[in-house]
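Visitor: Please pick one part of this model and take me through it closely. Keep it brisk, but keep the steps connected.

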Amino acid sequence: MQPQWILACDIDYTLTGDTEALVQLAEQLSALRQRGELFLILPTARTLTDVLPGFEEEGLPVPDAITTLVGTEIYLPPFSNGMARLPAWDAQLRQSFSRAEALTFLEDIEGLRMQSDRYNTALKVSCFLDQTPDPPQAAALIKRRVIEAGKADIYQVIWSSGRDLDIIPAKAGKGKAVKFILQHLNLTPQRVVVAGDTGNDRTMFEEFLYGIVVGNAQPELKQLRDDNPGPTVYFAQKSYAAGIEEGLQHFGLL
C-alpha cells in the first residue's frame, strides 16, 4: 500500500529541543505510520550510531528510512549498529568524488578546524569555520574555489549554523537522498513535506515543493522567506517539534 504522505524531517533542533512537544508529535506520527498513511524519513547530519539510541533516549519517532551525514549515507530497516549503507546510493556517490581533492579547497584558511573523524568520511569533508576571522567570507571563498576549479558538478559546499561547512558529492545532500529513497522504493505519495532548521536542510526545500521551517531556524534557512515567498513553504511560529506539528496541521496531515 502506498502512503498518502512522505515526511522528511531533520532531527537536531527540528525534532529535538522540546521533549514534551517531541513526545506528543512522535505519538501522532507513529499512529499515522501504523495506519499506512505516512512514510517517515529522518535526514540528519548525525552518524547512524548517534541516531539509533535516540529512539529510546530522546523519544525520536521510529522512521521508515534514515539518511545520515548530510545525505551521504542511506539506511533502510531493520536498523542496527554496524549495518551496511544502501549500496546503490553509495555506488552512485563514489563515481567522481575525491576526498583528497576536496581537501585542497580548504587549504590556507586561517582558523579553520577539521571536525572529528566520525564526521569526515570518504564521501564527506567537514570542518568548523567559527574561529576564522570572517566565517561567512571563508565559506564563500571555499565555494568560489570549487566553482573556479570547474568542479561544481562534482562537489557541493554546504554552509550552516554560522559554523559548520561540509563538502560532499554534488549528487548527494539531504534533498537528493530523500528523492533517491522514494525512487528506490517506488513510492508515489500524494505529497512530500520536508522540515528543517539550518542550511544543510535547504537542499530538501530545493527538491520538494512543500516544507516547514521551524520557528527557531537559523537565518540561512529563514532566507527562504525571501527566496520562496509562495504558500508551499510554511514558516512556523513555534519552535522544534511544536513547529513541525504546527506545520503539519497547516498542510492537513494532522
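Guide: Start with the terms for accessibility. Buried means under 20% relative accessible area, exposed means over 50%, and partly exposed covers what lies in between. Keep in mind that this is a predicted model.

The part to look at is helix α8 and its surroundings. Begin with a charged pair. D227 and R202 join their side chains in a salt bridge, with 2.6 Å from N to O. D227 sits in helix α10, which covers residues 224–227, and R202 sits in helix α8, so the bridge ties together parts that are 25 residues apart in sequence. Now apply the cut-offs. D227 has 43% relative accessibility, which falls between 20% and 50%, so D227 counts as partly exposed. R202 has 21%, so R202 also falls in the partly exposed range.

Salt bridges with shared partners also join D10, K174 and D201 into one network. Take one link of that network. D201 and K174 meet through their side chains in a salt bridge of 2.6 Å, N to O. The two come from distant parts of the chain, 27 residues apart: D201 is in the loop between β9 (191–196) and α8 (202–207), while K174 is in helix α7, residues 174–184. Both D201 and K174 are buried.

Next, the strands on either side of α8. Together, β9, α8 and β10 form a right-handed β-α-β unit. Strand β10 spans residues 210–213 and pairs with β9 in the parallel sense over 4 bridges. Across that pairing, G196 stands opposite V213 of β10. β10 also pairs with strand β11, residues 233–235, again in the parallel sense, over 3 bridges. Here V213 has F235 of β11 as its bridge partner. I212 is bridged to Y234, also in β11.

Step back to the whole sheet. It is open, has 7 strands in the order β4-β3-β2-β1-β9-β10-β11, and its pairing is mixed. The edges are β4 (73–75) and β11; each has a single partner strand, so one side of each is left without a neighbour in the sheet. From one strand to the next, the twist averages 20 degrees.

α1, residues 19–34, touches β1 (5–9) and β2, and its direction makes about 130 degrees with that of β2. α7, the helix that holds K174, lies across β1, β2, β3, β4 and β9. α7 runs at about 145 degrees to β2.

A search of the whole structure turns up 17 salt bridges. One of them lies elsewhere in the chain. E58 and R46 meet there, side chain to side chain, at 2.9 Å from N to O. E58 is in the loop between α3 (54–57) and β3 (65–68), and R46 is in the loop between β2 (38–43) and α2 (48–51), so this pair ties together parts 12 residues apart in sequence. Run the accessibility test again. E58 has a relative accessible area of 30%, so E58 is partly exposed. R46 has 10%, which is under 20%, so R46 is buried.

Key. Residues are numbered from 1 along each chain as its sequence is written. This is a predicted model: local features need pLDDT of at least 70, side-chain atom pairs count only at pLDDT 80 or more; totals for chains, interfaces and linings use all residues. Side-chain values use heavy atoms; hydrogens and water are left out. A salt bridge is a side-chain nitrogen of Lys or Arg within 4 Å of a carboxyl oxygen of Asp or Glu. Buried means under 20% relative accessible area, exposed over 50%, partly exposed in between (1.4 Å probe, protein chains only). Two strands pair if DSSP finds at least two bridges between them. A crossover is right-handed if, with the strands pointing away from the viewer, the path from the first strand over the helix to the second runs clockwise. Axes are lines fitted to C-alpha atoms, for helices over the stretch in contact, and angles run from 0 to 180 degrees between N-to-C directions. Contact means heavy atoms within 4.5 Å.
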